[in-house]
Amino acid sequence: MKPGEVRILVLRSAGTNCDAETASAIAELGARAEVVHVNRFIRGRRSLEEFHGMVLPGGFSYGDRIRSGAVLAKLLSHRLRRELQRFVDEGRPILGICNGFQVLVESGLLPFGEVGQVKLALAKNASARFEARWVYLLKCSATPFTGKLPRVSRMPVANAEGRVVFPPGEEQSLLEELEESSQIVLRYCTREGEPARGDYPANPCGSFADIAGLASPEGTILGMMPHPERAFYRYMYPDWTRDSALGMGDGCAIFEGMLEHILKSQG
Amino acid sequence: MLALSLEEMRAIQRYYRSLNREPTDVELETFAQTWSEHCVHKTFKGIIIYDGEEIDGLLKSTIARVTRELSPEWCFSVFEDNAGIVDFEGDYAIAFKVETHNHPSAIEPFGGAATGVGGVIRDILGVWGEPIANTDVLCFGELDYPYEKLPRDMKHPRFIFTYVVAGIGSYGNNMGIPTVNGAIFFDEGYVGNPLVYCGTVGIVKKSRYRREAKPGDVLLLVGGRTGRDGIHGVTFASAELEEGAEETFGTAVQIGDPIEEEKIKRAILKVREAELGSAITDLGGGGLSSAVGEQAHRFGCGARVHLERVPLKYAGMKPWEIWISESQERMLLIVPPSKLERVLEIFEEEEVEATAIGELIPERRLEVYYGDERVADLSMEFLFHGLPRVRRAASWSPPELSEPHFEAGNLGEDLHRLLAMPNIASKESVIRTYDHEVKAMTVLKPLQGEACDGPGDAAVLKPLRESWRGIAISNGLNPLYGKIDPYWMAASAIDEAVRNNLAVGGRRIALLDNFCWGNPEKPENLGGLVRAAKACYDIALAYETPFISGKDSLYNESPLGAVTPTLLISALGIVPDVRRAVSMDFKRRGSCIYILGETRPELGGSHYYKLKGYLGRSVPKVEPSRAKRTFAALTRAIDSGLVLACHDLSEGGLGVALAEMCFSGNVGARVELSLVPAPQEMRADFILFSESNSRFLVEVHPEKAQEFEALMQGTSFARIGETLGRELVVTHNGRELLREHIAELKRSWQSGVVL
């Protein structure tokens, strides 16, 4: 298979608003990215079978009514349940960014890849406000998405509800379970790569255990609050004028990893 | 609640006498909307007698005249559309519009500000544009305004500030349009009249720009449902805010739904790409009554509308309420009948309601039906040409002001206090609640520097994936100078907007004007407005910066009096290659620091005087010929890659600009004030804090100093120091005036405004 034959779905719904730049990031790596409305799948006009991978981009799907990502998650886990479970079981990668991460959590695809099994939540930020800022991320385990990511990377977050919370009383046991299976992929850290330890603004959302990104046990589903598509090129960085090197940014590695994984697994 | 004048009522009376019938309620409301100050800008188009001089149309004889006289070929559409449009690259053009939403934000700050953003985004959709960035400039009363001074029914500035910011963030963030530029200004004159300026920039494809509707075409109402929200918004906007306004105008404030607007945007852009529409406009002030009437007028025909077809939020609305409701998230598309089916499919796919409510007709009449009943039948001719022109008196005399006399104090302490003044202090806590990067086009962000927290002069966007060409968005606003002379306030606002744009590498600049003034029927208010408009003509013409769009919001009055007369100038420039864009933070130690432009004893209206408790009278002036030489030389230097950092000098002058460049770059500096070019002997504190216009600070690598100086020949400039260490040290004739650690300066600057 050639990179140009890889087909990635960028799934949108009402209120999705990062689809264009996400699709463009994928396209710039040579793959075919297509932005398709979820209604097209629900109405049977398109099929998830057509795609080798899927990205759930950022935005405010259905206005984040009820909870962030909840409505789109319900559509996926009820109206597209079988198709989606097959997509997951076949190991086709799914990347959820920001609102997409929220959708993955609300649908149960994260952390355990089981549609309908909601195990954690992305709650209102500890600061109680929208946080648009660049953060440092520590790579804690390897997944198909993060193979090329440096140990410490930079990307921006932009959300009001990015605080990972675990069920009360189960925090430690769930954390240990996820750590053991290397599912905690990205944690907020300092510029030097030290854990943020909950400190604001290094951990801008107040996420439990500094969690910024989580993967499924097999590593083929990744949800992350930071936006890799906004760190795709160096000129997107907030301080690129202090640096003469203008090449690819850290976010590029996430999409590259996804494409390489597809190429490898498709033979 | 018609808000028509006696003379206007009489014209309407004569019209109906000639028809020998009584007007209907729908018709009267149509006049009230179409003839409101908000919709027709009577003052700017009327006749003004200004101290004996007759001005026949202030807009066309000042602001629009600049554009007419310059008539640049790159202006694609000016003053006639929902937004001004200028060429960008190839088939792509850029649309820019700035609106105000002041009265609604005073009564219900969250909803008022949010729908202000939503409204100006629809202005961009209304020129077939794809919105790509927002800019918001806000004016509030001082946050520590004493509660006991606050009149009954009035909301505290802290409350208004908090919820206006939340409303702006909510709408822009939800729609996925980055808020990339803005300003927040605090002054007692905004306690009763907060100002909320909302601007949107969009991409237009010239080949997809359709304005060709004709009789027979279908009027398609798309978007949200119509309700009682926003009834009488324009008459509300055209009246003074009195006590009890909340009861009278409670319905005038609309409720926003950004997700609905996001869906409309998708559908409209699809209609644009498939070239299925013949015209488009937004439903803003006056609702259907204005939109339908104006479109029919524009295409030289009439319109027939069936109000019972309009989808309603709830039953029981009267025809006139449906006709003038300003419910949000609605647009009017005009579609040839043969394309209607395809257009309806597109809206259905996006889950947006679209309803054919009537059609354009060849007769120049506006016919409105509700079921079988004809509820309005008006001559387009009378509706659009029957409004008696207003004739207003204007006069202006300089206020009695004097220069203060005081001794200079501890300048280090003064610098700290200036940096903490709310108008100068960091707005980071606000900026971080706005998504300023969604769409991944924001190349130069509002916060810059080593720790990404320095105050950028202008935002730079890269709108097209396939091109390095960019746009720079900036603004200028100097209400304090207006208290001395509105002429120099306007001149300074233009200068500030232009120099902010130039500082990042922008050029070929187009301007927008937005006046917020008190009641223009008071001659002294109108006199100031005339002076400001005259400066717009003089300075913009000299700078060769055409106006492409503008708006005025008059009648900003409250029980505390008129608003501080305020002119916002917004600027849109071109950056030929965004990789050459310049940020304001010092980049390294050992660089040369240059000041460009002349420093004069112009501290009237300055923040240094304000800090000392004075206004003064020596307001900063503009010398266009001198300034233009500086501007051109700076652009050459940027294009030659000689400029490591550039920052414009504004509130707080040289002292504040230096401090900002230092702490943003985490590099100290040493500067000698006697080297600063000044035409006359000046006190050291005045050199440090004068707010003279047309000045920049530039960081240049010592190896490039000679080349830079050669480029600057023929302008006023000087090398005044170098970057070094972690302290800002300022000397005058070798004597040390201040020595402050940059981390401490930053702390003061970050303490001033906390959301």
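Analyst: In chain B, residues 24 or more positions apart account for 83% of the contacts with a separation of 6 or more, where a contact means that two C-beta atoms, placed from the backbone, lie within 7 Å. This is a predicted model, in which local features need pLDDT of at least 70 and side-chain atom pairs count only at pLDDT 80 or more, while totals for chains, interfaces and linings use all residues. Residues are numbered from 1 along each chain as its sequence is written, and chains are lettered from A, with ligands numbered from 1, in the order in which they are written.

Chain B holds 26 helices and 33 strands; these are DSSP runs numbered from the N terminus, with helices (H or I) of at least four residues and strands (E) of at least two. The radius of gyration of chain B, taken over C-alpha atoms, is 26 Å, close to the 27 Å that the globule rule gives for 755 residues, so chain B is as compact as a globular protein of that length. The rule itself is 2.2 Å times the number of residues to the power 0.38. Along the principal axes, the C-alpha atoms of chain B fill a box of roughly 90 × 55 × 45 Å. Among its 755 residues, 62% count as buried, a label given when 20 or more other C-beta atoms lie within 10 Å of a residue's own; 12 or fewer make a residue exposed, and the range in between makes it partly exposed.

Six strands of chain B form an open sheet with mixed pairing, in the order β17-β20-β21-β26-β22-β23. At its edges stand β17 and β23 (547-553) of chain B, each with a single partner strand, so one side of each is left without a neighbour in the sheet. Neighbouring strands of this sheet are turned by 25° against each other on average, with direction ignored. Strands count as paired if DSSP finds at least two bridges between them, and six bridges join β22 (residues 507-516) of chain B to β23(B), the two strands running parallel. Within β23(B), B:S553 is the residue that stands opposite B:C516. Helix α19 (residues 486-504) of chain B lies across β17, β20, β21, β22 and β26 of that chain, and runs at about 150° to β21(B); such angles run from 0 to 180 degrees between N-to-C directions, with axes fitted to C-alpha atoms and, for helices, over the stretch in contact.

B:K439 belongs to the loop between α17 (428-431) and β17 (442-444) of chain B, and has a positive phi of about 90° although it is not a glycine. B:K439 is buried, because 23 other C-beta atoms lie within 10 Å. Phi is likewise positive at B:S71, near 25°, and this residue too is not a glycine. B:S71 sits in the loop between α5 (58-70) and β3 (75-77) of chain B, and counts as exposed, with 10 C-beta neighbours inside 10 Å. In the loop between β11 (302-306) and α13 (319-324) of chain B lies B:Y314, which is exposed, with 9 other C-beta atoms within 10 Å. The C-alpha atoms of B:Y314 and B:R228 are separated by 9.0 Å, although the two residues are 86 residues apart along the chain.

Chain A, for its part, has seven helices and eleven strands. Its radius of gyration of 17 Å agrees with the value near 18 Å that a compact globule of 267 residues would have, and 57% of those residues count as buried. Two cis peptide bonds can be described here: one runs from A:L110 to A:P111, with omega near 5°, and the other joins A:Y200 and A:P201, with omega about 5°. A:P111 lies in the loop between α5 (99-107) and β5 (121-123) of chain A, whereas A:P201 is placed in the loop between β9 (184-189) and β10 (211-215) of chain A.

Finally, the contact between the chains takes 28 residues from chain A and 32 residues from chain B. On the side of chain A that touches chain B, the elements that give two or more residues are α1 (19-28), β6 (131-139) and β7 (152-159) of chain A, and the largest share, four residues, comes from β6(A).
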